[in-house]
Amino acid sequence: MSVATASPLVERDFAVPDIRCAGCISKLEQGLVCDRRIASARVNFTEKRVHIACTPDAETPDLVGAFALLGFEAHPIGDAPGEGDPEAASSRELLRAVAVAGFAMMNVMLLSVSVWSGAEGATRDLFHWLSAAIALPTVAYSGRPFFRSAWRALRHGGTNMDVPISIGVVITSALSVYETATHGQHAYFDGVVMLLFFLLCGRWLDSVMRDRARGGVTALLRNMGTGATVLRGEGSGHWVDATALQPGMVMLVAAGERLAADGVIVAGSSQIDLSLLTGESAPQAVHVDDHVHAGTLNLDAPIRVRITAAGADTAIADIARLMGEAAQGKSRYVRIADRAARFYAPAVHTLALLAFTGWMIAGAGWHHSLLIAVAVLIITCPCALGLAVPAAQIVAAGALMRVGVLIKDGSALERMAEVDRALIDKTGTLTLGRPVATDLDAVDPAHRPLLLALAQASRHPLSEALTRGLSALGVVPEAVQTIRETPGFGVAADWHGHKVTLGRPQSPAAGTGLATELAIDGDPLATLHFADQLRPDARAAIDALAAEGIDATILSGDRAEAVAPVARELGITAQTGMTPQDKLAAIARHAGAGHRVLMIGDGLNDGPALAAGHASMAPGSASDAGKNAADCIFLGDRLTPVVQTVRMARRTQRIVKQNFALAIGYNIIAVPLAIFGHVTPLIAAIAMSGSSLIVVGNALRLKAAIR
Amino acid sequence: MNGLLFLIPIALGLGLLGLAAFFWSLRHGQFDDLDGAALRIFVEDEEDAAP
């Protein structure tokens with residue numbers, strides 16, 4: 001490895017969304033270490049991350065540049081991922097608990113089967129004692145998540161699913177120890193560990209689902225400029241992280257870069273794309289002394305900006321405050337499993353108590369009565385219920401992930417299933433949110449290779465739009481020499497002795513919108529216009545939503561003239577010129593009328609509305625704030641995933657309800673058996689595993705459900 | 001009956017061995033990148049490519 005080993009190495013993580021195959025892995029791992037500053041690189045394919053160790057002098061843009069050289073887009077992510085993450089740690093702890101419970105379950109079952117097949121006397125006692133020796137430490141270790149949660153609920157005067165579980169587990173263990181000590185016939189150690197195992201599986205699935213979505217979201221959180229090139233004295237610039245930017249610094253913002261802080265332009269003039277901040281689709285021309293905001297995109301030419309506010313002081317902080325307030329309403333939502341537990345937990349306690357007192361009155365003696373009460377607790381313990389919801393939701397989330405939808409947690413799926421109104425932002429949500437060449441077809445096919453050759457030499461947003469459009473048409477670039485890019489004008493190159501240029505139109509006929517012009521020796525050949533376009537399947541998606549009983553309305557911050565054509569094309573109504581407060585008010589109005597609102601939006605200005613909606617979705621191209629506030633994120637250029645998500649959520653909800661029905665049906669059969677004292681540990685074991693397998697199998701049907 | 005004296009400890013020991021192996025692999029990051037591990041068999045060895 002080619003690295004100066006003298007200085008200590010720094011470890012950094014990068015999100016690289018484009019890792020797709022084994023080739024990418026080897027290209028990255030072997031290509032990155034060719035850079036002198038990078039000592040080692042390790043790809044995590046599942047999380048689409050690259051972990052590198054580099055020398056301390058390697059600055060972020062250099063490292064991103066090293067990725068770019070290999071053809072990958074990389075985004076630096078937080079300094080302390082993985083270990084420091086409390087959620088991932090809890091997932092790990094659950095997995096360990098599952099493993100211990102699984103081990104104990106298998107070994108105790110081995111001993112129990114011998115007892116059921118007729119082991120007698122001293123052998124039975126020995127096996128019971130061995131079971132106790134395995135089960136008791138397991139209960140102490142694997143039961144902690146339930147004990148903790150139950151204790152928390154009890155301390156706050158409430159109850160949840162974990163209270164009957166904890167009580168059941170503790171009483172059953174204690175009684176089984178007593179039975180063992182008094183040479184009794186039945187010990188329920190197998191039932192206890194099996195119960196823990198199944199319930200922990202449910203918990204773990206739930207937490208894995210949240211982890212996975214969160215991993216995807218972290219990788220997506222990159223849109224805000226994560227830093228800026230700050231000028232020191234004359235000309236020399238160096239990279240400063242967004243967190244270290246200070247008012248008074250002068251940052252250089254290249255064309256195509258996002259601003260990392262608010263400021264005033266001190267040199268240069270350009271066009272700024274405000275769509276993420278306000279929803280306004282037309283770019284705004286800015287000149288010296290104009291104010292510009294963090295999160296907006298510099299389209300045209302490099303500008304120098306003196307920072308007036310950075311970090312939490314930026315103009316978007318106000319939006320963040322609104323978002324915090326709006327999100328509080330959503331946190332009151334109670335998940336379906338907890339709603340069920342509200343009725344279930346008291347019912348279970350009452351049943352067990354009734355069984356106990358009933359047998360006491362019947363004169364069965366406290367020992368026999370307690371044994372029956374324990375059997376009731378074990379049989380009614382919400383094994384199937386605990387698995388029913390997470391199993392269905394993780395299968396649904398997995399299926400949705402394959403069509404490019406990330407679900408943040410299970411409650412999002414539940415809320416998504418209930419929506420009956422959709423409020424949709426225009427710019428970036430119904431539209432692609434980036435310029436697309438509108439008259440590419442009008443260009444003479446003979447000029448297209450030349451156009452592509454020039455366009456792909458630049459990272460200007462319009463050039464990128466051209467490159468994307470032409471590559472999609474299957475155009476192969478022409479060979480051109482000495483390509484040079486002039487900031488604020490465009491690209492120029494030599495081609496067969498002629499000077500060809502692609503840049504700002506010289507003729508006034510080009511109109512007002514975004515446009516660029518291809519010229520040979522100053523003679524204009526073709527003028528290309530750009531506009532933000534509707535997502536290709538927007539109409540179909542809106543119609544499909546309507547077919548699902550969800551009426552859509554556009555909620556845009558843009559001007560009425562810009563929104564009207566979109567609304568007409570989609571055949572839906574629109575409200576225009578809305579501020580973030582207006583959007584919040586619109587959602588509140590719908591909610592007041594008894595509707596459940598699905599908010600779909602991408603911008604910072606949509607953040608509060610996304611947080612306030614009963615459910616919300618954001619496209620992968622959305623602002624950080626949008627992605628953070630939304631329940632689901634859909635990737636790609638198509639809008640259909642929105643419909644697929646709603647359908648999947650409803651289907652999941654149906655499966656969950658079926659699972660509940662199955663679990664209740666099982667209880668109707670099993671509880672009378674338990675109350676009348678016919679449940680032996682063998683029957684409990686069969687009933688428990690049988691019902692769990694049935695609900696998991698039912699949940700797996702969702703796998704094939706996505707269309 | 002005497003067989004049990006050997007068989008039960010052996011059964012438990014094997015189970016514990018499996019549990020310990022699982023914990024070890026969990027701690028050493030064997031489960032961090034499940035999809036990547038499946039793809040890595042296609043990756044050429046670095047030693048061959050390095051100069």
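Modeller: In this predicted model, helix α4 (residues 121-142) of chain A packs against helix α6 (residues 162-181) of chain A at an angle of about 155°, and their axes lie 10 Å apart; helices here are DSSP runs of H or I with at least four residues, numbered from the N terminus, while axes are lines fitted to C-alpha atoms over the stretch in contact, with angles running from 0 to 180 degrees between N-to-C directions. That angle makes α4(A) roughly antiparallel to α6(A), a label given to angles over 145 degrees. The crossing of α4(A) and α6(A) is left-handed, meaning that the near helix is turned anticlockwise from the far one by less than a right angle. On the α4(A) side, A:D125, A:H128, A:W129, A:A132, A:A135, A:L136 and A:V139 meet A:V169, A:S173, A:S176, A:V177 and A:T180 of α6(A), where contact requires C-beta atoms, placed from the backbone, to lie within 7 Å. The residues of this contact divide into seven nonpolar, four polar and one charged, with Ala, Val, Leu, Ile, Met, Phe, Trp, Tyr, Cys and Pro counted as nonpolar, Asp, Glu, Lys and Arg as charged, and the others, Gly among them, as polar. As for chain B, the elements run α-α-α from the N terminus on, with three helices and zero strands.

Residues are numbered from 1 along each chain as its sequence is written, and chains are lettered from A and ligands numbered from 1 in the order in which they are written. Because the model is predicted, local features need pLDDT of at least 70 and side-chain atom pairs count only at pLDDT 80 or more, whereas totals for chains, interfaces and linings use all residues.

How values were computed
Helices (H or I, at least four residues) and strands (E, at least two) are DSSP runs, numbered from the N terminus. Angles under 35 degrees count as roughly parallel, over 145 as roughly antiparallel, 65 to 115 as roughly perpendicular and the rest as oblique. Two residues are in contact if their C-beta atoms, placed from the backbone, lie within 7 Å.
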